[in-house]
Amino acid sequence: MIRLEDVTKVFGTVTAVDRISLEVPEGQICVLLGPSGCGKTTTMRMINRLIEPTSGRILIGDEDVTQGDPVKLRRRIGYVIQQIGLFPNKTVVDNICTVPDLLGKPRKESRARAAELLEMVALDPELFLNRYPRELSGGQAQRIGVVRALAADPPVMLMDEPFGAIDPINREVIQDEFLRLQRRLGTTVVLVSHDLDEAIKLADQVAILRDGRLMRYAPPAELLADPGDPFVEDFLGRDRALKRLRLGRVGDAMDSAPPRLTLSDTLATARALFAATDAPALVAVGPRGRPRGMISRTAAEAEGAVADHATPVAATARVEDDLRLAVAAMLADGMPLIPCVDSDGVLRGTLGFAAVTAALSEKDTPA
């Protein structure tokens with residue numbers, strides 16, 4: 001747990017952080033968000049005393065971090081920055097083990113831990129442990145920067161725009177790997193970002209700052225549904241309802257028992273199923289239950305077999321995907337609904353636009 005109590009930082013005559021109070025529960029991710037110069041990075045750096053607070057208290061657990069040795073404090077807090085900061089003259093394994101070595105941990109134990117962490121972020125230890133930073137891509141180096149911060153099992157990790165310099169495709173992959181790793185280890189994280197989509201994806205709690213003041217502190221779903229402040233509403237943007245699609249899962253919104261066909265069924269069977277449902281299309285499955293075609297109401301008016309009139313399935317959505325991905329696929333391929341599949345590709349349901357709208361409406365309904 002991290003708790004800030006009326007924390008203030010004044011540089012000369014400028015108040016960079018103005019009486020911020022918030023609490024990050026153990027094992028959660030807090031994303032500090034706001035326009036440039038709002039105090040995000042200053043707030044984060046006060047937690048490990050890279051910047052000394054002018055007033056207020058900062059606690060990790062029950063310990064007031066402003067009262068102890070800052071060097072010892074930093075060795076217990078993981079720290080990741082956008083520029084990564086790997087030591088160019090050290091191998092990957094020696095970079096990862098920097099803090100464990102400083103703490104005097106057994107060499108064999110720390111090296112084994114380094115290999116384990118590399119596997120968690122999809123890097124083969126046999127290939128990467130003995131490489132140097134110059135032999136890494138940007139995405140690989142960023143993963144190793146995250147691993148290095150976790151090598152000593154810190155209870156707290158601070159991250160300053162850690163994924164900002166990575167291309168969009170690799171950024172999504174690394175964010176996913178980081179999230180899995182963080183959930184597995186239970187590390188408490190404070191992350192500075194300028195990317196609202198990133199905050200929605202990663203955060204348990206989002207803190208929005210303006211001119212050094214905390215304007216809103218809430219879970220992403222609550223924040224998007226109720227900004228609670230004109231500045232926050234403007235900062236989130238007019239498309240915040242669309243951003244909320246990231247928070248819903250396909251498996252929660254889909255029709256889990258849709259009528260289905262096989263390719264060998266007749267169109268008369270399809271017409272009978274359409275008569276019993278308001279679905280705009282039906283999915284035809286193969287012998288293993290995987291989507292193999294779709295038939296529309298118009299196509300079902302013909303005669304013959306489903307196989308003769310079905311269109312190929314242009315895309316599917318995994319039940320664990322967020323709704324944003326499913327809607328994007330439906331729009332890109334002009335699909336009235338999308339088949340929802342499990343990890344084996346077996347049809348588990350279908351999702352249409354009406355179900356997406358209903359899922360968003362449910363989130364707006366007070367408990």
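Is F163 buried or exposed, and what is its relative accessible area?

Author: The model is predicted, so local features need pLDDT of at least 70 and side-chain atom pairs count only at pLDDT 80 or more, while totals for chains, interfaces and linings use all residues. Residues are numbered from 1 along each chain as its sequence is written, and side-chain values use heavy atoms, with hydrogens and water left out.

F163 is buried, at a relative accessible area of 0%; buried means under 20%, exposed over 50%, and partly exposed in between, with a 1.4 Å probe and protein chains only.

Searching the whole structure gives two aromatic pairs. Rings of Phe, Tyr and Trp (its six-membered ring) pair if their centres lie within 6.5 Å; planes under 30 degrees apart count as stacked, over 60 as edge-to-face and the rest as tilted. F163 and F178 have ring centres 5.9 Å apart and planes at 55 degrees, so this pair is tilted. Because F163 lies in the loop between β7 (156-160) and α8 (168-185) and F178 in helix α8, the pair ties together parts 15 residues apart in sequence. Helices (H or I, at least four residues) and strands (E, at least two) are DSSP runs, numbered from the N terminus. F178 is also buried, with a relative accessible area of 4%.

The pair of F231 and F235 is stacked, with 6.2 Å centre to centre and 25 degrees between the planes. Both residues belong to helix α11 (residues 230-236), four residues apart, about one turn of the helix. F231 is buried at 17% relative accessible area, whereas F235 is partly exposed at 25%.
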